[in-house]
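User: I would like to go through the packing and the charged pairs of this protein. Could we look at it together?
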Amino acid sequence: MANLLVVYYSAFGHVFQMAQAVADGASHSGAHQVKIVRIPEMAAPQNRVIQPDKEKPANSRRSLSNQFRLTDRYSIYEAAGVLQENIPYATNDDLRWADGILWGFPTYYGTMPAQVKLFLEMAGELCVEGALEGKPTGIFNSTASIHTGHEAAILTAMVPFFHFGMIFVGLPYSENPEYLTADAIGCSPYGASTLAGPDSSLSPDPRELLMAARLGCGLRMLPQLCSFFGQEKLPVKTL
């Protein structure tokens, strides 16, 4: 039986919901032992992106806060943290245990947040060991709207996973007709995603959760195949 690890970081709970859908999809395939773990928040409060809400300045008419509607987000952030208290923190040993890994995170400036990048940097020993080489991987994420970088974040996040030697898996068109729409929903051939809304008030659309589940289910046979083809490794030759 293959071991599937779902690793995520979630500030407002949207990625947490997607992680649960990914894990459910893998579990229902009947081929996995599935574990969900989370990447911790920055320890120092001053290093966290989410800060207590402040009153808008008098001259905030043209401020981006009006467009992004950033008030009341801290209370949502705190509530989401409480919901995730029972999820264990991810470790390098979790990554070693897994035959396949799915990563989830919110989109910050079209890429992964610092919490995830820091976690990957602290996993450098696994890159040196080659511990993740040949393992299938995929990405699910969230963003504020259809134009705020969910596809770019997946594309840029692929780079470090290739450095670890992982094999990337996406969401094929033929299996995911839901994202072939003009509706404002997430997901693409690159991976599963959800639109959280400018004020983080939205919940994942059922179609987004369905495609996230398919991403988890899509890895069900890949670990076994990768293991089969990796049984006879070619010798490393030097010129």
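User: Which elements do the buried residues of α7 pack against?
Analyst: This is a predicted model. In it, the buried residues of α7 pack against β3, α5, β4 (136-143), β5 (167-168) and β6 (192-195).

User: And which residues of α7 are buried?
Analyst: They are His150, Ala153, Ile154, Ala157, Met158 and Phe161. After the helix comes glycine 165, which has a positive phi near 85 degrees.

User: Which residues of the largest nonpolar core touch the most other members?
Analyst: That core has 31 residues, and those touching the most other members are Val7, Leu95, Ile101, Trp103, Phe105 and Leu120. At least two residues each come from β1 (2-8), β3 (100-106), α5 (114-122) and α7 (150-163). The most is given by α7, with five residues.

User: What does isoleucine 101 touch, leaving out residues up to four places away in sequence?
Analyst: Its contacts are Leu4, Leu5, Val7, Leu95, Leu132, Pro136, Thr137, Gly138, Met166 and Leu219. Leu219 itself is included in a second, separate core of 24 residues, as are Ala192, Ala212 and Leu215.

User: Turning to aromatics, how many pairs are there in the whole structure?
Analyst: A search finds six aromatic pairs. In one of them, tryptophan 103 and phenylalanine 161, the ring centres are 4.8 Å apart and the planes lie at 25 degrees; the pair is therefore stacked. Tryptophan 103 belongs to strand β3 and phenylalanine 161 to helix α7, 58 residues apart, so the pair links distant parts of the chain.

User: Is tryptophan 103 buried or exposed?
Analyst: Tryptophan 103 is buried, at a relative accessible area of 1%. Phenylalanine 161 is also buried, with a value of 1%.

User: What sits over the ring of tryptophan 97?
Analyst: The charged end of lysine 35 does, 4.3 Å from the ring centre.

User: Now the salt bridges. Which residues are linked in a network?
Analyst: The structure holds eight salt bridges, and a network of them links Asp93, Arg96, Glu125 and Glu129. Arginine 96 pairs with aspartate 93, the closest N and O atoms being 2.8 Å apart, and with glutamate 125, where that distance is 3.0 Å. Aspartate 93 and arginine 96 are three residues apart in helix α4 (residues 92-97), about one helical turn. Glutamate 125, by contrast, is in helix α6 (residues 124-129), 29 residues from arginine 96.

User: How exposed are those side chains?
Analyst: Arginine 96 is partly exposed at 32% relative accessibility, as is glutamate 125 at 39%, whereas aspartate 93 is exposed at 53%.

Key
Residues numbered from 1 in each chain as written. Predicted model: local features only at pLDDT ≥ 70, side-chain atom pairs only at ≥ 80, totals over all residues. Heavy atoms only, no water. Core = buried A, V, L, I, M, F, W, Y, C linked by side-chain atoms within 4.5 Å. Buried < 20%, exposed > 50% of the residue type's maximum accessible area, 1.4 Å probe, protein only. Helix = DSSP H or I, 4+ residues; strand = E, 2+ residues; numbered from the N terminus. Contact = heavy atoms within 4.5 Å. Phe/Tyr/Trp six-rings, centres within 6.5 Å; stacked < 30°, edge-to-face > 60°. Lys NZ or Arg CZ within 6 Å of the ring centre and 35° of its normal. Salt bridge = Lys/Arg side-chain N within 4 Å of Asp/Glu carboxyl O.
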